[in-house]
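Please work through the following exercises with the structure in view. Each task is followed by a solution in steps.

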Amino acid sequence: MSDITIRPLVASDRAAWEPLWQGYLTFYKSALSPELYDLTFARLTGGTEPMGGFIAERDGKALGIVHWVLHRTTWSAKDICYLQDLFTVTEARGSGVGRKLIEAVREMAQAKGAFRVYWQTHETNLQAQELYDKVADKSGFIVYRQALS
């Protein structure tokens, strides 16, 4: 695990980030337009949005990504951090990459004065839940969504 490097995403990471982002979307059986890829990456790396990301590498090979969003909450005067879109390549799962990406988000959120980091995963993502159960508490909340046109 010590040979894994975690660092913030930067504009020059686009070629490494895109297949990981595509892998995440494929895992969740989703697809987005090329324009949304462009917008998302610009938001993550532009430095003007309350969001960003980290990339995990070993020997120059991209192994995983995580995105984060800081936002207001009614539960604290401090911001809260939503850890979003955690993904590692299949061969890196179980090697500590996911844990290190979560830790990078936690450290960033703490440095920015957030009071909590939270995230969600699909109920069928049992491999990820094995890690999440070790590093965080389950909230017990169920997520509902309502699409807007």
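**Exercise 1. Determine which residues make the nonpolar surface patch of about 210 Å².**

Step 1. Leu-32, Leu-36 and Leu-39 make this patch. A patch consists of residues with over 30% relative accessible area and no salt bridge; like charges are joined within 9 Å, and nonpolar side chains (Val, Leu, Ile, Met, Phe, Trp, Tyr) within 5 Å. Accessible areas come from the Shrake-Rupley method with a 1.4 Å probe, and for residues only the protein chains shown count as cover.

Step 2. Leu-39 is located in helix H2, residues 34-45. Helices (H or I, at least four residues) and strands (E, at least two) are DSSP runs, numbered from the N terminus.

Step 3. Leu-39 has a relative accessible area of 38% and is therefore partly exposed. Buried means under 20%, exposed over 50%, and partly exposed in between (1.4 Å probe, protein chains only).

The model is predicted: local features need pLDDT of at least 70, side-chain atom pairs count only at pLDDT 80 or more, and totals for chains, interfaces and linings use all residues. Residues are numbered from 1 along each chain as its sequence is written, and side-chain values use heavy atoms, with hydrogens and water left out.

**Exercise 2. Describe helix H3 and state where its buried residues lie.**

Step 1. Helix H3 covers residues 97-111, which is 15 residues. From first to last C-alpha it reaches 21 Å, close to the 21 Å expected at 1.5 Å a residue; the expected span is 1.5 Å times one less than the number of residues.

Step 2. The buried residues of H3 are Val-97, Gly-98, Leu-101, Ile-102, Ala-104, Val-105, Met-108 and Ala-109. Seen down the helix axis, they fall within an arc of 155°, so they line one face of H3. The arc is that of the directions from the helix axis to the C-beta atoms.

Step 3. Gln-110 and Ala-111 are exposed residues on the face of H3 turned away from its buried side.

Step 4. Glu-103 and Arg-106 form a salt bridge, with their closest N and O atoms 2.7 Å apart. A salt bridge is a side-chain nitrogen of Lys or Arg within 4 Å of a carboxyl oxygen of Asp or Glu. Both residues lie in H3, 3 residues apart, about one turn of the helix. An α-helix has 3.6 residues a turn, so residues three or four places apart point the same way. Glu-103 is partly exposed at 30% relative accessibility, and Arg-106 is partly exposed at 35%.

**Exercise 3. How many salt bridges does a search of the whole structure find, and which parts of the chain does the pair Glu-57 and Arg-7 link?**

Step 1. The search finds 9 salt bridges.

Step 2. In one of them, the side chains of Glu-57 and Arg-7 meet at 3.1 Å, N to O. This pair links distant parts of the chain: Glu-57 is in strand E2 (residues 51-58) and Arg-7 is in strand E1 (residues 5-8), 50 residues apart.

Step 3. Glu-57 is buried, at 17% relative accessible area, whereas Arg-7 is partly exposed, at 23%. Arg-7, Asp-13 and Glu-57 are linked in a network of salt bridges.

Step 4. Asp-79 and Arg-72 also meet in a salt bridge, at 2.9 Å, N to O. Asp-79 counts as partly exposed at 21% relative accessibility, and Arg-72 counts as exposed at 68%.
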